[in-house]
Amino acid sequence: MGKHVLLVEDEVNIIEAIRFLLSREGWQVDTHSDGATAVDTIRAARPDLVVLDHMLPGKSGLDILTELRADPDFQTLPVLMLTARGQARDREQAEKAGVSRFMTKPFSNLEVVTAVRDLVQLAQ
Amino acid sequence: MSEHGLPPVFLERRSYRRRRMMDALRLLPILGLFLWMLPLFWPTAADGPGAPDKMAMSTAVTYVFAVWLTLIGSALALWSFLRSSPEMGEDANAEPR
Amino acid sequence: MASVNLLVGVSLIYVTFLFAIAFFAERAAAKGRGAWLRSPLVYTLSLSIYCTAWTFYGAVGYAARSGMEFVTIYLGPSLVMIGWWWALRKLVRVGRVQRATSVADLISSRYGKSNLLAIVVTVMAVIGVTPYIALQLQSVTLSLSIFSAPDAGGEVDQAIAAFWVAFGLAIFTVLFGTRNLNANERHDGVVIAIAVEAVVKLIALLAVGIFVVWGIAGGIAPMMERIDASPIGEWDMDRSRWVALTALSAAAFLALPRMFQVMVVENEDERHLQIASWAFPLYLMLMSLFVVPIAVIGLDLMPAGSNPDLFVLTVPLAEGQVGLATLSFLGGFSSATSMVIVATLALSTMVSNHVVMPVWLSARAEGAQVSGDVRNVVIMARRASILMIIGLGYFYYRFSGGGAALAAIGLISFVGVAQFLPAMFGGIFWRGATRWGALAGLVVGFAIWVFCSLLPSFGPGVVLSVGIFENGLLGIGWLRPQALFGIEGIDPTVHAVAWSLVLNTTAFIAVSLVTFPGPLERLQGAQFVNVFDHSTQARGWEAARATSEDLMVMTQRILGADEAQTLFRAEAKRQGLDGSLPEPTQGFLQNLERELAASVGAATAHAMISQLVGGASVSVQDLMAVADESAQILEYSNQLEAKSHELTRTAGKLREANQKLTALSVQKDAFLSQISHELRTPMTSIRSFSEILRDTEGMGQVEKTRYASIIHGEAIRLTRLLDDLLDLSVLENGQVSLRYEAGRLSDLLEQSIVTAQAASTRSMDIRRRHVNEALVLTTDLDRLGQVFINLITNAQKYCDADDPELVISVQQDGDELSVAFRDNGTPIPDAARSVIFEKFARIGDQDGSGAGLGLAICREIMARLGGDITHVPAAQGNTFVVHLPRRAALAAQ
């Protein structure tokens, strides 16, 4: 194990919950809460997976994803996107932008953990 | 004079005089008509033998031409008075028709 | 005794002299040196064509027969001229503005450019004036015969003399009357010739008169005695004739085609009319002055049975004054010729413009843009008309045999043309006059004139049988030509004048009242009646579709190449264009139409331009109708335009509404997304941690407590969010009920601060000025407190200064009370300031404790309370100002 997950999220309580869940599964969880600088952080950290919130201050998750996919190095990076807005259009746009998995808040803990595991395995 | 709003109620003496001359000019033909229709009251042969003596032709001729001369003289005098005021035409328009 | 040959020679020299004067006048005018040709004196003298041979010879004859009655013929015009302000002024202005070329043109123009009306007027004028022209020919030949009579062997064939006179007049009129096609440029040669003739006839009559009074009678006093001793020595006047003839002469003076020609068409400057107003009556008076003396002396000296119409000639001849007689002959000759020339000119304009041209144009199917030179056609039409009219006069003279007394023919003619008066002056002074009214009046008046005046003048048994005179038309008693409706005993002339004019006017008014004028008619009516107030613009053309080239081509054909080019170049220059073709603006088209109207008449010019401008190929058969139609089309297209404007407006409104709905829908979507986000975010934490608590075994107590308190906190956040949403919803829908009560501002602030500080963990230094807060408010104190609490809480939450500080200051400023909350934190960025009062607008809120509804709620509350809340930018810190209406605040005791 020892896989590296980067969590991009601005809600402190949600950060704490996801960190708790993934750490318990043996993931190394780093967090980042500002949308504007998220892409740089991802480039620098080179995580095995990114959990990305849809609504972030500075830059939306969708824009971050689009920017990532434009970079050849990150075209296959697994990205799990979380959204609280629950609109069908958001999902479509995210899939078009190349999201690996799209989940609506509030999520089930098991689902998140399973999705992260599956996505990393699939990528390998 | 009356470019904006109502014309002034009282005119300066000169334009007042001109207005009255215009009035006279307009009344002149009516005066002429009256004077020239006066001979209608003179006796004629149709009035029968009881009528007063008929008017002599010389008197009649003198009367008609005297009226004529009076009218011409008045018209000439009014014209020469009004000619000196350039806005004669406009002034006439300002009066009610 | 003067031989006829000598007389003919003198006449020829005189005529040559007139030709020369007319020729040089035209030359001078063409070179622009003709200002003197257009002086008031010339204008006044040209009016003297009113005094024809009827005056020169006939007045003396009239006086010899009926005493002073002759003078009525001059009293009427004198009154009209002296009273120029009443009627003539308007007639001249209308004629000039509309560029009327004749009485027919004026009437046609007034009644919607109706060519039918123009034709009727033209026909009536020709019928009415032809006997008058014959009268002039007769007088010239009669006067010639006087000279020849004692000369055995020198007998003059009157018919041949009349023919040569007519021929000479026709030549003169053709030469000087049709040189300039555009009647607006007027006939300088003709006018100067008739002015000279006016002087000649006045001098001749005065000379004979002076000779009679001082040469024969021996002074004024003996003359007066001889007058009183003569057969006409007593005043013996038919009163009805005195009135009727004065009125008739006034009417005829206004309505005679030749008078319209000199008075209106040839008028150069309206001010000349004012001078003529006294000068022309003076002329008339001088012409009448010696009539009675000449008549009296004539009756005295001449043998019984001699023609009193020729006393002016025969008295000097009898006294051996051959020179004076010759001068007198020239005076009579002048009177006759000037009348014939101008009358023919006026009539030929009517005939060619209203009869010949429309007929010719409709015979050519191509329309106005025919190939060939219309100008030549117009000139030929004019010349043909002149020959035709003089020819008619000549044949009338031959046919009638020249028997009737001069005065009788003149009066009949006067009654005929007086029939134009109701239509003319009704049209100028009454907007309600219609085409059908004018037509009805003209036809009725004309019919009565023919039946009661013209036909009876030939005598019983000539045209009308004796039976009709005695028993009436078709044996109906009240249709007797000299006793209409069975009313007998009226003088025949008075009878004809009264009935024709009364019934004419009645028909005109009655039919006008019941008919409805066409659009063009109404426009023209307004223009005529209000000629002094209106701009001189006639209704306009839709200029865009006429090309200048087409107009140029057409104008050249009518006005001739030189004049057309001058006109167009002048207009181009006026428009500031370089070339010779101007833009076809509306003003130019109207101007052009009037220019053309002067040559071919208003109706034809209107039809021609409408063909070019309208674009559609209207057939020329419709020429007469086109004028009216185009006005109607204009009206219709205006309506369409108005409708399309309305549709555009409606569509615009719909688009606007649609945009609003779309915007609202977008707003609603955004709002739902926001709500969803705000609700789901705390729910996520709650669900996640509750699952953690449920599924995780062997969790430490510290962790359990921590996670449970997160759940608790998020649940509270959720509740508060729902509360805020409901609160905002109530406020926005206006369903909130306000509880007004009075309270001290200082107390309210105190409570708010306490409440806010209790809920906050951060401490903040709050400063106040209690003195200013000593106010009593009447408002919803709870709601206002809510606003205060919100602002204080916000300041506590967001103030990022090291020593957070809040200054609350109260100010009374005029009509309002304001409470300012100023903190010392980082100012809100400009970009964000505009949205801080919007729902879910959170600036730099990272802890997630607020839903971004607080300020939105504050704004709604203040709106309900009749106040306002604003954010005031400052270099340091943020200031929120709560404005309260003045009525809410009462000064404390």
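**Stop 1: Thr122(C)**

Select Thr122(C) and show its contacts, where two residues are in contact if their C-beta atoms, placed from the backbone, lie within 7 Å. Leaving aside neighbours within four places in sequence, Thr122(C) is in contact with Ala104(C), Met350(C), Val351(C), His354(C) and Val355(C). This is a predicted model: local features need pLDDT of at least 70, side-chain atom pairs count only at pLDDT 80 or more, and totals for chains, interfaces and linings use all residues. Residues are numbered from 1 along each chain as its sequence is written, while chains are lettered from A and ligands numbered from 1 in the order in which they are written.

Now pick Met350(C) as well. Thr122(C) and Met350(C) are 228 residues apart along the chain, yet their C-alpha atoms are separated by 5.8 Å. Colour by secondary structure: helices (H or I, at least four residues) and strands (E, at least two) are DSSP runs, numbered from the N terminus. Thr122(C) sits in helix 7 (residues 115–148) of chain C.

Is Thr122(C) buried or exposed? Thr122(C) counts as buried, because it has 28 C-beta neighbours inside 10 Å. The cut-offs: a residue is buried if 20 or more other C-beta atoms lie within 10 Å of its own, exposed if 12 or fewer, and partly exposed in between, with C-beta atoms placed from the backbone.

**Stop 2: chain C as a whole**

Zoom out to chain C. It holds 33 helices and 10 strands. Of its 893 residues, 48% are buried. Take the contacts in chain C between residues at least 6 apart in sequence: 80% of them join residues at least 24 apart.

**Stop 3**

Select chain B. You will find 3 helices and 0 strands, in the pattern α-α-α along the sequence. Buried residues are 19% of the 97 residues in chain B.

Now show where chain B touches chain C. The contact takes 30 residues from chain B and 33 residues from chain C. On the chain B side, helix 1 (13–37), helix 2 (57–83) and helix 3 (88–94) each supply at least two residues. Which helix gives the largest share of that side? Helix 2 of chain B does, with 12 residues.

Ala, Val, Leu, Ile, Met, Phe, Trp, Tyr, Cys and Pro count as nonpolar, Asp, Glu, Lys and Arg as charged, and the others, Gly among them, as polar.

**Stop 3: chain A against chain C**

Move to chain A. Here 16 residues of chain A are in contact with 16 residues of chain C. Helix 1 (residues 12–24) of chain A supplies the largest share of the chain A side, 5 residues. By class, that side has 8 nonpolar, 5 polar and 3 charged residues.

**Stop 4: the sheet in chain A**

Show the strands of chain A. Two strands pair if DSSP finds at least two bridges between them. On that basis, 5 strands form an open sheet in the order 2-1-3-4-5, with parallel pairing. Strand 2 (28–32) and strand 5 (101–104) of chain A stand at the edges; each has a single partner strand, so one side of each is left without a neighbour in the sheet.

Pick Leu7(A): it stands opposite Thr31(A) in strand 2 of chain A.

**Stop 5: helix 1 and helix 5 of chain A**

Display helix 1 of chain A with helix 5 (residues 109–123) of chain A. Ile18(A), Leu21(A) and Leu22(A) in helix 1 of chain A meet Asn109(A), Val112(A), Val113(A) and Val116(A) in helix 5 of chain A. This contact has 6 nonpolar, 1 polar and no charged residues.

**Stop 6: two loops in chain A**

Select Lys105(A) and Pro106(A). The peptide bond from Lys105(A) to Pro106(A) is cis, with omega near -5 degrees. Pro106(A) lies in the loop between strand 5 and helix 5 of chain A.

Finish at Arg46(A). It lies in the loop between helix 2 (38–45) and strand 3 (49–53) of chain A. Arg46(A) is not a glycine, but it has a positive phi of about 45 degrees. Most residues other than glycine have a negative phi, and most peptide bonds are trans. Arg46(A) is exposed, with 11 other C-beta atoms within 10 Å.
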